[in-house]
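I opened the entry for this chain and kept notes as I went. The sequence and the structure come before the notes.

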Amino acid sequence: MEKVLFIYTRIPDGQFCPPSFGNSIHFAVSERGEKYIPLNQNRGILYAKGEVSPKNQIIEKGLAEPEAYPLLDGSFAILAKRTGQDGSVENSGEAERLLWLTHDFISFEECGLTDLSQHPMLKELRAGEVKSHPPYPFSDVAAGCWLPIETGLYEKLLRYYTPVHNTHIDIPEEICASCVDEIKDLCFTAHYSDGATAQKKYDIPDVSHIDFAHPGTYTVTAVVRQKPYPFPLAVGFADPVIFLWDNKYYYIATNDNTDDVGFWVREAAQVEDLFLPDAAQHLILDKDEEKKRLQTFWAPEFHVIGNRVYLLFAVSGDTFNPQCHMMRLKENGSVTSADGWEEPVRVKKMDGTFLAVNGITLDMTHFENGGRSYLIWSYRENCMAEGDTGSMLYIAETNPDRPWMLKSDPVLLSRPLYGWENVAGTINNEGPYPLITQEYIYIAFSGGAACDWTYTVGLLRAGRDADLLDPESWEKSKFPALATPDLDGVYGAGHNSFFKDRDGDTYIAYHGEITPYHSPRSTALHRVHFRETGEPVLNLSYERDIKEEYRKVNLNITVTGHE
């Protein structure tokens, strides 16, 4: 029987569906038109884009009354009326609709507010459509429409929009070995619901009963090497960064336990040891009255720039005014010693003036691509006051020999124009951090409120061969890559960084809360999954990454003897 895609908006509620979330387009699918499966965990997938006023402030927009039509070229059109912040439909012309075009309901061409009279095919389709409203499949649907889809597309949507999980791991029936070295670093292929695979390493804790001098078959227990990191790892520590340098791992974060004053570093040989109860913390930058470093010691990040280690961070003086600074590790200096660091300097533009005069700057990050060095940071004017612009992401090129001085003019990269970034007056694009793959540069960034359940991580993407100082080279994800519904017991996941463990697996470090509102921001970690296309998946929990039955497995080791 024909499969069905249901496209709908939701009635906002007072808990986990505010108007900015409800007034977006959601998807659900059904195999027989009976039981519907909400996709993307019943979160919005398409959002109306806000506008920028002449006073440089964001005017929030939503959408309502979605429609969908198949087009003659095999693609589909999704239409919706545009609304204001309160959900009321704007007084636009009858033919004006927000328009998205898609071939697969995964990638979209966002056409914006469009006069459909300029699209005769759409005008004809809509004129011939009989508007009816049979019972909606969910009680909180505000408006919706149905679209028949083929089985292949139905299965593709389920794979993409339902939580990725491990389906099985290829465990061999027999492993032949002639010595103990041949059963070290065992690597098996894990398969996932989205069709992708990953390599899992296994260790055999006890091989004492295997006699490699005598051929035979022995049964052993192998344990997956991947570590579970239970949340919360470090209570009261936000904006976490884990950094591998000189064969040691270092952990640094915004320290809410000290009212965000001072930077403390932990050092360990293994990632998990950074979070032991007795892990030592080393103060490397403290409050300084004379030098006006007094508050908002925010978002510290370690980076290697021009073969030197730097700490990038924000700090304020007497009044709230965080500004981007960086300090360099001395030659042969110790990361964990305050004396091992040079004096911090404030980041400047090409002309020698400071990065901001009238606004605040924070959350600076760094990456290199194609032999060029870049900085990205968050900038905001009139923060939480009249004329608030919201926080925006800027990018500029820098000289790796003097990275505190920009080499190009700052370029506006992103503003929080979608509803998931702009929630209840929290107008955030902040916390950028790079993840570079073979084809793309991804910039993870955070939107929503930094201290409640609406905090979330989105992605910007640009090709590695693109002009990275051209905003048109970057594409923003239509919906969050990591959000509250994704992980049990973690609310408001956001402000993340990435690192690799010793086996080469990519991990995301971020902060979350144990309750929806006003609980301590605390550090969390889990592995980043990559789809077959190379796209990163940021919301794969440890439980879904490895099925319990594959965390510990029995293996048959056949000793072959020496020739």
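Which residue in E33 does alanine 444 stand opposite? I looked it up and found leucine 459.

**Ground rules**

I am working with a predicted model, in which local features need pLDDT of at least 70, side-chain atom pairs count only at pLDDT 80 or more, and totals for chains, interfaces and linings use all residues. Residues are numbered from 1 along each chain as its sequence is written, and side-chain values use heavy atoms, with hydrogens and water left out. For elements, I use DSSP runs numbered from the N terminus: helices (H or I) of at least four residues and strands (E) of at least two.

**Entry: the sheet around E32**

I started with the strand order and noted an open sheet of four strands, E31-E32-E33-E34, with antiparallel pairing. Two strands count as paired if DSSP finds at least two bridges between them. E31 and E34 are the edge strands, each pairing on one side only.

I then followed the pairs. E31 and E32 are antiparallel over five bridges, and they form a hairpin with three residues between them. Glutamate 430 has serine 446 of E32 as its bridge partner, and leucine 435 stands opposite tyrosine 442 in E32. On to the next pair: E32 and E33 run antiparallel over eight bridges.

Is E32 mostly covered or mostly open? I found that seven of its eight residues are buried, where buried means under 20% relative accessible area, exposed over 50%, and partly exposed in between (1.4 Å probe, protein chains only).

**Entry: pockets**

Next I looked for empty space. Rolling a probe the size of a water molecule over the atoms shows where such space is left. The search uses a 1 Å grid over the protein atoms alone: a cavity is a set of points where a 1.4 Å probe fits but cannot get out, a pocket is an open set with protein on both sides within 12 Å along at least five of seven lines, and lining residues have an atom within 4 Å of a point. Grid points are joined across faces, edges and corners, and a volume is the space filled by probe spheres set on the points.

The largest pocket holds about 980 Å³. I noted 37 lining residues, with Ile106, Tyr160, Phe479, Arg531 and Glu535 nearest its centre. Helix H3 (151-161) is among the elements that supply at least two residues of this lining, and so are E32 (440-447) and E33 (456-463) from the sheet. H3 has the largest share, four residues. By class the lining has 16 nonpolar, seven polar and 14 charged residues; Ala, Val, Leu, Ile, Met, Phe, Trp, Tyr, Cys and Pro count as nonpolar, Asp, Glu, Lys and Arg as charged, and the others, Gly among them, as polar.

The second largest pocket has a volume of about 760 Å³. Of its 27 lining residues, Tyr433, Pro434, Phe498, Phe499 and Lys500 lie nearest the centre. Elements giving two or more residues to this lining include E31 (430-436) and E35 (491-500). Which strand gives the most to this lining? I have E16 down for five residues. The classes here are 16 nonpolar, seven polar and four charged.

**Entry: cavities**

How many cavities of 30 Å³ or more does a search of the whole structure find? I got two.

The largest cavity is about 40 Å³ in volume. Its lining includes Phe237, Tyr251, Trp264 and Gln281. E17 gives the most to this lining, with four residues. I sorted the lining into six nonpolar, three polar and one charged.

The second largest cavity has about 30 Å³. Gln226, Tyr507, His526 and Tyr542 are among the residues that line this cavity. E37 (residues 522-527) has the largest share, three residues. I counted the classes as five nonpolar, two polar and two charged.

**Entry: glutamine 118**

Glutamine 118 lies between strand E9 (108-115) and helix H2 (120-127). Is glutamine 118 buried or exposed? I call glutamine 118 exposed because its relative accessible area is 60%. Glutamine 118 and alanine 95 are 23 residues apart in sequence and 9.2 Å apart in space, C-alpha to C-alpha.
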